[in-house]
Amino acid sequence: MSDLGSEDGDESGEAGGDIGEYEGDRDGEGQRHGFGKARLPNGDTYEGQYERGLRSGHGTYRFKNGAIYTGNYLENKKHGKGVFFYPDGSKYAGDWVHDQRQGYGEYLYANGDTYTGEWANNKRHGQGTYVYKDTGSKYVGCWVNGIQSGPAELIHLNHRFKGTFLNGKPLGRGKFIFDIGCEQHGEYIQPVQEKEEEEEDEPPLPLEPIWKASEITKLTPWSPHDEELLVPRETAGAEAEEEKILSTIDTEEGGDHPASDAGEEGEERREEEVNQDQEDEEITDFGG
């Protein structure tokens, strides 16, 4: 059942009172105007403000499948502040513009993940924070059309990564910051996809970016545009220091280093993609 279909389709006849049941205020022309309660033929209900026959102002719309929207309307569309409770237990609370999530809002997904930040055209867009419930990790940074893209920080339990993301994956210069007091600088490189003549009809799966370390340093300020921090050390003493710090990382963190996080981060990305699909389905089912 579609939000747009049930609300806009069935309520189009509400202005004249010909479709569905209505109890409430009307204007001099008999249109629903002021506060009222309506029951649509499909079983949905609305209770709230009307202006000239259209839902405008604050109201609560209840779908027969259990979904609920409570918030502001403008000419039958969700517009302003509002909260949408979906049947699967997920929830969006924030800004709406013409039936779309747009502005600032928080989305609680059915699997417990959360996103808090900016939205545009029903998608995560702008600055935002995504928290993965299962691991406790969180992505803090830029989004473009629902995908992690731009400068960001990926924070884990005992270390974090600062860098730039493209199409949901880290790419280019960055650094890993470890709680033991050191940093590993380097860059993520996109491997070249080898073509196989026998499988020309099927597009090849994209390869995961590979982390290439350049140096180990003490904690330093950094941004994705700082290039001077990535110049490799050339002295034998510096190389010995790097080996010592790397050995410390392996010992204190049980051999955990950036390359070993690939599986975990890949799983987190899959969870996020599932939630993105969930958002898209809810747009179809409930009009955003």
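**Around the rings**

Modeller: Let's start with a charge on a ring: Arg124 lies over the face of Tyr115, with 5.8 Å to the ring centre. To count as sitting over a ring, NZ of Lys or CZ of Arg has to be within 6 Å of the ring centre and within 35 degrees of the ring normal. Keep in mind that this is a predicted model, where local features need pLDDT of at least 70, side-chain atom pairs count only at pLDDT 80 or more, and totals for chains, interfaces and linings use all residues. Residues are numbered from 1 along each chain as its sequence is written, and side-chain values use heavy atoms, leaving out hydrogens and water.

The charged end of Lys78 sits over the ring of Trp96, 5.4 Å from its centre. Trp96 also turns up on the contact list of His79 (contact means heavy atoms within 4.5 Å). Setting aside neighbours within four places in sequence, His79 is in contact with Tyr69, Asn72, Tyr73, Leu74, Trp96, Val97 and His98. His79 belongs to strand β6, residues 77–85; strands here are DSSP runs of E, at least two residues long, numbered from the N terminus. A polar atom of the His79 side chain lies 3.1 Å from the backbone nitrogen of His98. With 25% relative accessibility, His79 counts as partly exposed (buried is under 20% relative accessible area, exposed over 50%, partly exposed in between, using a 1.4 Å probe and protein chains only).

Now look from the other side of that contact. Val97 is part of strand β7, which covers residues 91–97, and apart from neighbours within four places in sequence Val97 touches Lys78, His79 and Gln102. Val97 is partly exposed as well, because its relative accessible area is 28%. The C-alpha atoms of Val97 and Asn121 are 8.6 Å apart, although 24 residues separate them along the chain.

Back to rings. The structure holds 30 aromatic pairs; Phe, Tyr and Trp rings (the six-membered one for Trp) pair if their centres lie within 6.5 Å, and planes under 30 degrees apart are stacked, over 60 edge-to-face, the rest tilted. One of them joins Tyr92 and Tyr107: the ring centres are 6.2 Å apart and the planes meet at 50°, so this pair is tilted. The pair links distant parts of the chain, with Tyr92 in strand β7 and Tyr107 in strand β8 (residues 100–108), 15 residues apart. Tyr92 is buried, at 0% relative accessibility, and Tyr107 is buried with a relative accessible area of 0%.

Phe161 and Phe165 make another pair, edge-to-face because their planes are at 75°, with centres 6.1 Å apart. Both Phe161 and Phe165 are buried. In soluble globular proteins, nonpolar side chains tend to be buried together.

Note on methods
Helix = DSSP H or I, 4+ residues; strand = E, 2+ residues; numbered from the N terminus. Polar contact = N/O pair within 3.5 Å; in protein donor to acceptor, adjacent residues only side chain to side chain.
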